[in-house]
Amino acid sequence: MADFNAILEKTKAFSKKPPTEVYLEFYGLYKQIHEGDISIEKPADAEGAAKYDAWLSRKGTSVDAAKAAYIALYEKYNPIYG
């Protein structure tokens, strides 16, 4: 498997900004990797609620599985936004 930290830095350096729905896919995985299952209340604002939903959708995913999914997502979107 590719080095997650290297992929994380490459994702941050995309030359084109991905649309919100793509960003939220990365966000949900990132939060699951670094904080585990979500343990906060859903925010009332639209942006916070969208981030909450993205993270919640990854609930129960192990760190290793989330890292593998993040890398796969990078490989999918890098040709478009990289």
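A nonpolar core is a set of buried Ala, Val, Leu, Ile, Met, Phe, Trp, Tyr and Cys residues joined through side-chain atoms within 4.5 Å. Keep that idea in mind as you explore this protein, which is shown as a predicted model. The protein has four helices and zero strands, so the pattern along the sequence reads α-α-α-α.

**Overall shape**
- For 82 residues, a compact globule would have a radius of gyration near 12 Å, and the protein agrees with this because its value is 13 Å.
- Along the principal axes, the C-alpha atoms fill a box of roughly 35 × 25 × 15 Å.
- Among contacts with a separation of 6 or more, 75% join residues 24 or more positions apart.

- Of the 82 residues, 34% count as buried.
- The largest nonpolar core holds 15 residues, and Phe-4, Phe-26, Tyr-70 and Tyr-77 touch the most other members.
- At least two residues of this core come from each of α1 (4-12), α2 (20-35) and α4 (63-81).
- The largest share, seven residues, is supplied by α4.
- Leaving aside residues up to four places away in sequence, Tyr-70 touches Phe-4, Ile-7, Leu-8, Thr-11, Phe-26, Leu-29, Tyr-30 and Ile-33.

Methods. Residues are numbered from 1 along each chain as its sequence is written. This is a predicted model: local features need pLDDT of at least 70, side-chain atom pairs count only at pLDDT 80 or more; totals for chains, interfaces and linings use all residues. Side-chain values use heavy atoms; hydrogens and water are left out. The radius of gyration is taken over C-alpha atoms; the globule rule is 2.2 Å times the number of residues to the power 0.38. Buried means under 20% relative accessible area, exposed over 50%, partly exposed in between (1.4 Å probe, protein chains only). Contact means heavy atoms within 4.5 Å.
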